[in-house]
Amino acid sequence: MQIPPLSPLPSSPSSSRVSAPSRRAVLATMTAAGAALAVGSGTARADAHSGPTVALTARPSAEAERLRLASALRASEFQPTGRYAPANTPLRCTVLPFDGLVPTLWIGRWDYYGTVKEPRPYPLKPGSNTVTDPHGGPMYFTLEGDGERAGVRFGEGSRPIPVFTLGRTTETAFQHRLDTLTDVPVVELHGPRTLVTLTRDGALLHRGEDHAALLSLLEEIVQAEQDISGLDGSSPLHRPKSGRFHFTEVSVVPAGVGAFATHGYNGFPRAYLDRATTVQGLRTRGWGLYHELGHTHQQMAYKPTGLTEVTVNIYSLAVQRALGQTSNLLLPDAKTGLAPFQSALPKLGGAGLVYEKSFGAYEKLVPLRQLELAFGADFWPRMHRLVREENPASDYTETAKRYRHLALYASRTAGRDLTDFFVNRWAFPIDAQGLTELAALGLPQPAVDPSALTD
């Protein structure tokens, strides 16, 4: 489920206090710390004479990446610190802007339907800073740029979070942290492209899992969705998204909603954690997570409102194939006993057929799978790359234009005229302008009727 975009990012809360030192003091601090700082991306290390230091590498902003990818949602741009800020507690830190850029500190958890909905941003200054947040929470940095370096040394006020980092933390060490860092209500799991933020109570529900295996599986899921998105690195335009994808436990979801996606993160209630934070659950029953992550990859150009919960499952199906699962399009419906292919295909071409009204949620996904069956496993990667290269403009309200884009870009990707497939067989609402533009392409008819194909 995709929820409406969050409101514009808030300004810094009035309770923050930021003090700026002299330039001489900044240079002295930078000189003393520079040799000790390990350059990385959100990497923390301890220093014998002060608190831990986090090394940061600048990345494109989440909005810049959204525009490059032609996607509907901004993904995460947070660099985790492994630190927690208690509420109403002065937090001291020293900023080391090695290449001239200064990060923004964010404090708090994402929780769209909760009382406190989102983290609070605190712009920092070079040198010493003191920040006080009214709610507290895990701490993150953003640093917008292109590979520039900065560092932040923590002083008094913050506490370590129990963190498992793929490739660096042993299971024994993580379990020890869970047992000893009991005064922090948050636990995090860090992978190269993934960030999982849990409440302590939520994390303890499944603490016996193999967390290296869990994070490795999450990375595999991300890779499958990037592959179907054509993010093959063949050009700077087609490189994978910078930074991580953020999965976070939330306190509240609307009635009937299992999980959701919005700008910056995917939200999962505690009731879903048996599928999101266990290896077996995620591997065999994780469709909801595949789906919500899919919203982060979903392209805007051919996503009218009626397809928001349909084209997203291009990515869900790709994950199922990567994990060796049986496709949801081949599973029988509990009421009818028919799989979506079986129930949808007899309807095609019938009188009064309307794509958005005549088919169920999974039946609507069938024609999108048929395009792969007809024109190759690389159909959707090729279409994603074409859309990124041209990035046609459209607005959420322009339903007709987005349906036109779907038919036109699919036809161009296939190299075939798909008018009959979309309009006469599946009854997509392609308007007169779309029909004219499809005809103007002058493409040949498909050698085989795509609407007849099944897995």
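## The second largest cavity

In this predicted model, the second largest cavity holds about 80 Å³ of space. Its lining is made up of Phe 174, Leu 178, Val 187, Leu 189, Leu 198, Gly 202, Ala 203, His 206, Arg 207, His 211 and Thr 277. When these lining residues are sorted by class, 6 are nonpolar, 4 are polar and 1 is charged.

Which helices and strands each supply at least two residues of this lining? They are the helix α3, which covers 171-180, the strand β12, which covers 186-190, and the helix α4, which covers 200-205.

## The largest cavity

The largest cavity contains about 170 Å³ of space. It is lined by 24 residues, and those closest to its centre are Glu 65, Leu 69, Ser 71, Ala 75 and Lys 241. By class, the lining of the largest cavity consists of 7 nonpolar, 10 polar and 7 charged residues.

Three helices, α2 (62-69), α8 (287-297) and α14 (379-390), each contribute at least two residues to the lining of the largest cavity. Which of them gives the largest share of that lining? The answer is α2, from which 4 of the lining residues come.

## The structure as a whole

How values were computed: Residues numbered from 1 in each chain as written. Predicted model: local features only at pLDDT ≥ 70, side-chain atom pairs only at ≥ 80, totals over all residues. Heavy atoms only, no water. 1 Å grid on protein atoms, 1.4 Å probe; cavity = no way out; pocket = protein on both sides within 12 Å on 5 of 7 lines; lining within 4 Å. Points joined across faces, edges and corners; volume = space filled by probe spheres on them. Nonpolar A, V, L, I, M, F, W, Y, C, P; charged D, E, K, R; others polar.
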